[in-house]
Amino acid sequence: MKISAKAEYACLAMFELAKRHGGPRPTQIHLVAEAQAIPSQYLVQILIQLQRAGLVRSERGAKGGYRLAREPQDISVGEVLRVIDGPLMVTRAPQPGQEGEETGGKQFREIWAEVQEAMSEVVDRRSFSDLVSMYEKEFEVKKGKNDRG
């Protein structure tokens, strides 16, 4: 599986929105772009796609921006990856005439199917709330080391 740059940017944008979730105002695009080093024009396209999928919602006006449409614990990394890149695939469809068992292809397809299942399980069990918690723990550890140092 190869994760596209667009899917990675989408995950970073969702992560930033999850970090800011529950704030008094929506998060403006430029803040997400700056915090996660995402090109602004590209981010607009990504957020529109995430909005159409019901993962974010926009608020218009001078103080407008974006918010998560659901709680961060209810949005998985896998869901975002699928919205942007489609189904998570490590296999390719067998080509006509290449399906013969004598080539060993069937055995490899079984392995690839297991890899795909394991991959899906990992990205589906990780929510954006989990990622924010991991980030906050890491930040606290680094802060503690700097305070002692």
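**From one residue to the whole chain**

Modeller: Ser 120 lies in helix α5; helices (H or I, at least four residues) and strands (E, at least two) are DSSP runs numbered from the N terminus. This is a predicted model, in which local features need pLDDT of at least 70 and side-chain atom pairs pLDDT 80 or more, while totals for chains, interfaces and linings use all residues. Residues are numbered from 1 along each chain as its sequence is written, and side-chain values use heavy atoms, leaving out hydrogens and water.

Biologist: Is Ser 120 buried or exposed?

Modeller: One reads the relative accessible area: buried is under 20%, exposed is over 50%, and partly exposed is in between (1.4 Å probe, protein chains only). Ser 120 is buried because its relative accessibility is 16%. Across the protein, 32% of the 149 residues are buried.

Biologist: Which residues are in contact with Ser 120, leaving aside its neighbours within four places in sequence?

Modeller: Contact means heavy atoms within 4.5 Å. By that test, Ser 120 touches Arg 82 and Leu 88.

Biologist: With which side chain does Arg 82 meet in a salt bridge?

Modeller: A salt bridge places a side-chain nitrogen of Lys or Arg within 4 Å of a carboxyl oxygen of Asp or Glu. Arg 82 pairs with Asp 124, at 2.6 Å from N to O. This pair links distant parts of the chain, since Arg 82 belongs to helix α4 (residues 77–85) and Asp 124 to helix α5, 42 residues apart. Both partners are partly exposed: Asp 124 at 36% relative accessibility and Arg 82 at 30%.

Biologist: How many salt bridges does the whole structure hold?

Modeller: The search finds 7. One of them joins Glu 16 and Arg 20 at 2.7 Å, N to O. Here Glu 16 counts as buried because its relative accessible area is 3%, whereas Arg 20, at 33%, is partly exposed. Glu 16, Lys 19 and Arg 20 form a network of salt bridges. Arg 70 and Glu 79 also pair, at 2.6 Å, N to O.

Biologist: At what angle do helix α1 and helix α3 pack?

Modeller: Axes are lines fitted to C-alpha atoms, for helices over the stretch in contact, and angles run from 0 to 180 degrees between N-to-C directions. Helix α1 (residues 5–19) packs on helix α3 (residues 40–52) at about 75°, with axes 10 Å apart. This makes the two roughly perpendicular, a label for 65 to 115 degrees; under 35 is roughly parallel, over 145 roughly antiparallel, and the rest oblique. Residues that meet there include Tyr 9, Ala 13 and Leu 17 in α1, and Leu 43, Ile 46 and Leu 50 in α3.

Biologist: Which residues make the nonpolar surface patch?

Modeller: Patches take residues with over 30% relative accessible area and no salt bridge, joining like charges within 9 Å and nonpolar side chains (Val, Leu, Ile, Met, Phe, Trp, Tyr) within 5 Å. Phe 108, Ile 111, Trp 112 and Val 115 make one of about 360 Å². Ile 111 lies in helix α5 (residues 105–125) and is partly exposed because its relative accessibility is 41%.

Biologist: In what order do the elements run?

Modeller: From the N terminus, the order is α-α-α-β-β-α-α-α, comprising 6 helices and 2 strands.

Methods
Accessible areas come from the Shrake-Rupley method with a 1.4 Å probe; for residues, only the protein chains shown count as cover.
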